[in-house]
Each structure stands twice: as C-alpha cells, then as structure tokens.
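Hi,

Here is the structure I promised to pass on. Have a look at it first, and then read my notes below.

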Amino acid sequence: MYSNKVNRLMLGLNNLKATSVSSVVRRAAAPRGLSWTTVCRERTQRLRRSAGLGMSGAHSASQSTLDSSEVRRFQPLASKWWDEEGEFAALHAMNDLRVPFVRDNLLSVHRARHPGKPLAGLRVLDVGCGGGLLSEPLGRLGANVLGIDPVEESISVAQLHSSHDPDLRDRVSYRACTLEELSEGEQGAAQFDAVVASEVVEHLADLETFAFCCSHVLKPGGSLFITTINKTNLSYALAIVVAEQLLRIVPTGTHNWEKFISPEELERLLESNGFTVQSVQGMMYSPLSGAWSWADSTAINYALHAVKEGHGAEDSSSHPEEHTETTHS
Amino acid sequence: MVGSAMACSLGMDPNLADKKILLLEAGNKKVMDNVPDTYSTRVSSISPGSATLLSGIGAWEHITKMRCKPYKRMQVWDGCSDALITFDKEDLENEMAYIVENDIVVVSIIRQLDTLSDNVQVKYRSKVVKYTWPMPHHAADSVPWVRVTLANGETLQTKLLIGADGPNSMVRQELGIPTVKWNYDQSAVVAVLHLSEPTENNVAWQRFLPTGPIAMLPLSDTHSSLVWSTSHRLAEELLELDEESFVDAINSAFWSSENHSELIETAGSLFRSALSAIMPSAGSPRQLPPSVAGIGPKSRVMFPLGMGHASEYVRHRVALIGDAAHRVHPLAGQGANLGFGDVACLTQLLSQAAFNGKDLGAIQHLLEYETERQRQNLPMMAAIDLMKRLYSTNVAPVVLLRTFGLQATNMLPTLKEQIMTFASK
C-alpha cells in the first residue's frame with residue numbers, strides 16, 4: 001500500500017528519474033516505523049476528506065505538489081532562463097521588487113551584522129528556483145541559499161550560471177527535487193530561516209501539502225515569502241489574455257487561471273498550517289517600461305510574507321516594512 | 001584624478017564593503033610629503049558639487065590642509081567690446097568654487113586610498129595590452145567576465161570594468177564605441193604667474209579674445225594660474241618668447257582694447273544705457289584684473305584642445321567615466337567637475353545595485369548611469385562648444401549679438417543664478 005502511494009508521489013518526475021524512484025520505493029518499504037512522509041500523506045488524506053469539496057476541489061487529486069504537465073512545459077525553456085530580454089524578462093525585472101521584499105522583511109527580524117552582506121548567516125530555501133534568478137541575488141546578499149526545482153534542466157542551467165562567480169559558489173547550491181523530498185527525514189525539519197516560493201504556487205498541484213512542507217522545513221519564527229497571481233476576472237484578462245496571448249510577455253500556456261489563488265484563500269490556507277500572515281502587497285507590471293512596481297490593489301499580482309509560529313514569533317511580530325520604494329521604470 | 005576618485009568612492013561605500021576593487025594606474029605613485037613651494041601648472045576649478053564628493057570620500061580634508069584657493073567672484077568680458085558679466089554669490093559670503101592644483105587632488109585621493117587597503121588595491125606602472133569582452137548571456141565555455149591582460153603577462157577578470165583612461169581612452173576604442181569628436185584649432189598654454197603686487201585675489205578672470213579666451217585663476221595672494229587658449233601657431237610663439245615678452249603679452253591680452261572698433265564701442269554703450277534705463281540697479285562695476293610681473297619656474301606648457309563625446313557610456317560589464325566619456329574646452333572650467341559628477345552618480349547606482357543583490361556588471365543600472373549623466377553632460381558640453389564658437393570671431397554682427405546678450409544677462413540676476421547653479425553641480 002505504501003509503495004503505491006510512493007509511486008504516485010513520484011509520478012510527476014521526469015522519466016529519467018526511474019532508477020531513483022525504485023530506490024525510494026525500496027527505502028520506504030523497509031521497516032522504519034512511522035516516518036514523517038507517511039504522516040504527511042495521511043494528514044493530507046484526512047484533511048481532504050474532512051474539508052469535502054472546499055478549496056482542494058480546485059487542485060488535482062494527486063498526492064504531491066507536483067504537476068507533471070507543468071514540468072514538461074518548463075523543460076524546453078531551460079536554456080532561456082538567463083536571457084534578460086528573452087522569455088523570462090519579466091521575472092528578471094521582478095527581482096527589483098522581490099529581492100528588497102525578502103531582504104527588508106528578513107532584516108526587520110534579523111539585524112544585519114555584516115556590512116555589504118545584509119543576509120549573512122541566514123539559510124534560505126528557494127522553492128521552484130528555475131534557473132536561479134532569485135537564488136543568486138539572495139546569495140549575493142550573504143544568505144546561504146538552496147534552490148530546488150523538479151526540472152533537472154533548469155537546475156543544470158542554474159548550477160552552470162552560478163559556478164562562474166566565486167562569490168556565489170560557496171553560498172548558493174541547487175538540487176533537483178521536490179519540496180516533499182527535501183522535507184523528508186529528520187534532517188528535513190527546521191533547517192531554514194526563510195522559504196521563498198516566488199511565482200510557484202500557481203504551478204502546483206497540491207497547495208495543502210506545500211504549506212505543510214514549508215512549515216516543516218522552517219525554523220520556528222521563520223519567514224515564508226510567496227509571490228503569485230490572484231484569481232480574479234482582472235487577472236484572467238491581464239495575466240492570461242494580455243500577457244500570454246496578446247503581448248507574449250509570458251510564453252503561451254504558462255499559467256492556468258484555475259490554479260490562481262486569492263490572497264484571502266492563501267492566507268486561510270497558511271494560517272491553518274501554523275503561519276501568521278504579516279503583510280500582503282499588490283504588484284503591477286507595466287509592459288511599456290518592462291518594470292514592476294508596488295500597487296495598492298492585489299487584483300493581479302501580489303507578494304505575501306508569513307511567519308511560522310514559534311520562538312522567533314515575538315521578534316517577527318514587529319512592523320513589517322513598508323514598500324513604498326519605487327523601482328526604476 | 002577621476003579614476004582614483006572612483007576607486008576611493010567605491011571603496012568607502014558600505015554596501016560595497018565586500019567587493020574587491022582594483023585600480024590600474026599607468027604612472028607612478030604620486031607622493032607629496034611636503035607641499036612644494038612652487039605651484040604646479042595644471043589646475044582645476046572644483047565646483048561645490050565636486051567638493052562635496054571629495055569631502056564624502058575623505059580627500060577634501062587633505063586638500064584643504066595642503067593648498068587650495070576658494071574664489072568668490074568671476075568676471076568674464078569680451079575682447080571686442082565693453083560687454084562684461086560677473087558672477088558672484090550673494091554678499092560674497094560663500095565661495096563660488098575652488099582652484100586646486102591637479103597634483104594636490106591626486107595626492108589627497110591617494111592618501112585616502114592608502115587607508116582603504118582592505119578592499120581597494122592599486123597597481124602602479126601597469127599597462128593594459130588587451131581586453132577580452134564577455135558575451136551578454138554566455139555559452140557554456142566562453143568568458144563570462146571582462147578579462148584584462150597586462151603588459152607583464154598578468155590576466156585579471158572582473159565583473160565590471162570602469163574606463164577612466166582619458167580622452168584617448170583605450171577601453172572606449174577597443175569597444176568600438178562611436179565617438180563624436182573634433183579638434184579645436186586651439187592649444188592651451190598654461191603657466192604660473194607672479195602678480196605685481198599682493199592682492200586679495202579672490203576673483204577668477206576670463207577675457208574672450210578672437211583668438212581664444214585667456215583666463216587668470218587665483219592660487220594665492222601673490223600667484224595666479226594662467227590658461228590661455230589660442231591658435232596652435234600663437235601658442236608655439238608664446239612658448240618661445242622670453243619671460244619679459246611673455247608677461248607683456250599676457251598683460252596686453254587682458255588690458256588692451258586693440259580689438260575694439262568704434263562701431264562696437266558706440267553700440268555697446270548704447271545697449272548699456274538702454275538696459276540701465278530698464279533695470280537701473282542691475283549690473284556690476286567693472287573691475288580690472290591684477291597685472292602680472294613674472295612667471296613661475298618650470299612653467300609654460302601647452303596642450304591641444306578638442307571636444308569629444310562617446311555616444312555610449314556603457315556596455316555589458318563596462319562603464320566609461322570622466323574624459324574617456326566626454327572631453328570639453330577648458331573655457332568654463334568644467335572638465336573635472338563633469339568627471340566627478342560621473343563618479344558620484346555611478347557610485348550611488350552601484351551601491352544600490354549591490355544592496356539589491358545584483359550582479360554589478362548588469363546592464364540595467366549601467367544604462368541608468370548613462371541616461372542620468374548624459375542628461376547632465378550634454379547640455380553643458382553644448383553650451384561650452386557654443387560659447388567657444390560664438391567668441392571665436394570678431395565679425396561685427398556676431399560681436400554685437402554677443403555684446404548685447406552678455407550685457408543683458410549681466411543685468412538679470414535670476415538668469416545668472418541659474419547659470420551658476422548649473423555650473424556648481
């Protein structure tokens with residue numbers, strides 16, 4: 001029974017991973033008592049049954065956060081990650097907002113001790129890191145970054161790009177795996193000061209598991225940063241019709257409106273997983289200037305900062321940073 | 001001067017505290033244990049904006065301790081007519097600008113660099129023989145950074161190369177950046193002057209002769225610096241004159257009215273009375289520049305003048321600053337100030353980029369530097385070039401035009417204030 005479940009968990013991975021699948025199957029089958037992964041899966045099953053339709057109806061019934069169709073969509077784009085004017089230009093531009101967002105919110109909790117490296121000493125997990133677009137700036141600010149992504153080609157690109165910079169070599173590392181795989185076992189728990197999932201939750205199959213795993217790998221009081229797209233008529237009009245089909249800012253088919261989630265829903269989901277949401281900020285992209293800016297409305301894109309309850313909770317309940325700084329547009 | 005200021009400015013920025021900065025100097029290290037009694041011939045007019053930058057990097061303190069001369073007023077007048085214009089700060093309280101010898105600026109910056117040896121390294125007597133440029137988004141095995149090969153065989157790799165190598169910049173040429181440039185048919189003769197008698201000497205004097213402007217900039221109560229831009233032939237002649245004749249030439253350039261014609265003189269006084277009828281209290285009294293008695297030793301050098309502007313200041317992982325990006329006529333004393341403006345702007349943008357975790361060589365913030373500085377530099381360069389052309393002739397209509405223009409401007413304090421603000425950045 002357990003091996004079936006493990007198989008389904010691995011379903012979304014690349015075919016090349018066949019050998020590792022079997023090894024994991026073997027591992028899970030060995031008598032180990034109640035491992036965390038089985039607890040996790042049992043919990044999601046129970047939640048799904050008790051919640052009835054609810055919001056989980058919006059997500060596929062698979063056991064993992066992974067959606068295999070998404071993986072297949074990102075594979076051929078792997079070499080394009082670092083072309084600042086190519087398919088991922090908007091993501092490069094988004095760094096102007098999301099890096100300060102992460103940096104300032106972390107600095108409000110952890111005082112910067114090292115001039116020039118404000119995030120020194122902090123361990124950050126970049127979920128769905130792709131080619132490392134966000135991992136590298138965070139690494140340059142001194143953080144110890146682990147970037148994970150299920151698409152192996154993207155991880156290779158990320159590793160190659162960061163290998164050229166001695167500044168990053170020691171601080172930024174990548175692994176081709178899913179969040180669940182990372183959070184398995186004893187060393188999976190409470191390893192990170194911050195988890196960043198930027199432009200990722202709209203590509204996931206199972207948000208409940210995602211939220212649970214994030215909470216598991218975070219230290220108490222650790223921060224979770226999410227940027228994603230709201231599920232509104234406006235976001236359908238702009239993010240799907242205009243961005244993908246008309247202006248081709250984003251490759252067609254990148255997003256599925258069904259998978260978008262509103263900040264209220266996301267907040268509810270996170271709070272039921274032991275998080276306190278500290279701030280939600282709207283973001284807006286201007287195709288004319290190619291730049292992002294903070295917005296009052298969260299109708300299209302938004303950024304969210306949540307903190308895991310725990311010892312560190314007292315410090316992190318201090319006022320979250322106001323993001324009035326405008327980007328270069 | 002501008003290159004070492006850049007290195008110092010970057011080295012002192014807290015956001016760049018962990019970056020490794022290397023300054024490559026072609027010459028020897030300039031040391032000055034004691035300020036020499038004699039003045040050096042190459043001087044610069046340092047605007048308040050540049051002084052702020054230099055004080056921010058800790059060099060201004062050294063400069064004021066060594067030697068610098070603030071001046072409070074500037075008088076500019078025409079050689080072909082009586083028109084003149086004076087600039088001064090209200091009530092003569094604050095300095096307009098400072099005259100500092102270039103050597104003193106360099107030495108002060110070097111002294112400051114010596115204290116930054118943790119993150120700034122300087123290699124003297126280093127000559128670059130080759131640059132290898134990076135590909136924008138690189139293939140697997142190409143060079144991702146700029147590679148610099150020195151004459152001694154060393155190769156260096158850098159994320160950002162800043163070219164501050166003067167008007168004939170090798171960096172700019174190797175990049176193939178198209179440059180708008182032309183040579184003025186003028187050379188500047190510079191010298192140190194001994195004044196006939198000590199005076200308060202806090203005025204900068206400039207007279208526009210048809211052959212080119214002659215300027216006397218105060219260095220102390222007894223000494224001034226000469227910058228005489230004139231045709232190549234005249235410049236060579238001036239260098240060959242003996243000291244007495246040279247001094248006579250200078251005095252006559254400032255005092256004589258041989259270029260005046262009756263027509264211009266009558267027209268000039270007519271304009272002046274008309275303008276004073278409209279604005280009776282405006283205008284300022286004409287002052288006479290001090291007369292010169294002798295020149296300093298090891299003095300009298302000439303160098304050619306030209307105009308140059310690089311159409312692009314930046315490329316992927318490269319930025320140009322100072323004379324490498326823009327070269328101007330010395331008539332407005334702005335060359336060094338434009339360079340210091342580049343230093344301040346680029347440092348601020350790089351600091352912000354580092355605080356945002358960006359790769360310092362990324363084109364986005366380099367383009368911002370280019371836009372910002374071109375907005376400042378181009379109007380200034382256009383104005384200087386226009387002035388040079390306007391005053392290079394003694395054809396009557398042009399003289400009348402500029403006479404009237406100068407007199408009118410002299411009577412408009414708000415316009416003068418605008419001009420001074422523009423030049424003080």
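Helix H3 (residues 59–66) of chain B passes helix H4 (residues 102–114) of chain B in a right-handed crossing. A crossing is called right-handed if the near helix is turned clockwise from the far one by less than a right angle, and left-handed if anticlockwise. On the B side of this contact, H3(B) contributes B:Ala59, B:His62, B:Ile63 and B:Met66, while H4(B) brings in residues including B:Ile104, B:Val105 and B:Arg111; contact means heavy atoms within 4.5 Å. Two packed helices are described by the angle between their axes and the distance between the axes. Here the angle is about 130° and the axes are 8 Å apart. Axes are lines fitted to C-alpha atoms, for helices over the stretch in contact, and angles run from 0 to 180 degrees between N-to-C directions. H3(B) and H4(B) are therefore oblique to each other, given that under 35 degrees counts as roughly parallel, over 145 as roughly antiparallel, 65 to 115 as roughly perpendicular and the rest as oblique.

Before going on, a word on how to read all this. This is a predicted model, in which local features need pLDDT of at least 70 and side-chain atom pairs count only at pLDDT 80 or more, while totals for chains, interfaces and linings use all residues. Residues are numbered from 1 along each chain as its sequence is written, chains are lettered from A and ligands numbered from 1 in the order in which they are written, and side-chain values use heavy atoms, with hydrogens and water left out. Helices (H or I, at least four residues) and strands (E, at least two) are DSSP runs, numbered from the N terminus.

Now the strands of chain B. There is an open sheet of three, in the order E8-E9-E10, with antiparallel pairing; two strands pair if DSSP finds at least two bridges between them. Its edge strands are E8 (128–132) and E10 (155–158), each pairing on one side only. From one strand to the next, the twist averages 20°. E8(B) is joined to E9 (residues 146–150) by four bridges, and B:Thr132 has B:Arg147 in E9(B) as its bridge partner.

Elsewhere in chain B, strand E17 (residues 301–310) has seven of its 10 residues buried, so it is largely enclosed by the rest of the structure. Buried means under 20% relative accessible area, exposed over 50%, and partly exposed in between (1.4 Å probe, protein chains only). E17(B) runs antiparallel to strand E12 (residues 179–195), with nine bridges, and B:Val189 stands opposite B:Met302. Two bridges also join E17(B) to strand E20 (residues 326–327), again antiparallel, with B:Gly308 opposite B:Arg327.

Over in chain A, there are 13 helices and eight strands, and buried residues make up 54% of the 329 residues.

Which residues does UniProt list there for "binding site"? The unreviewed entry gives A:Arg98, A:Gly128, A:Asp149 and A:Ser198; such annotations may be inferred rather than shown by experiment, feature names are shortened, and positions are in the numbering used here. A:Arg98 sits in helix H5 (residues 89–107) and is buried, with a relative accessible area of 5%. Not counting residues up to four places away in sequence, A:Arg98 touches A:Leu91, A:Leu133, A:Leu134 and A:Ser198. A:Gly128 lies in the loop between strand E1 (123–127) and helix H6 (135–140) and is partly exposed at 28%.

Cheers
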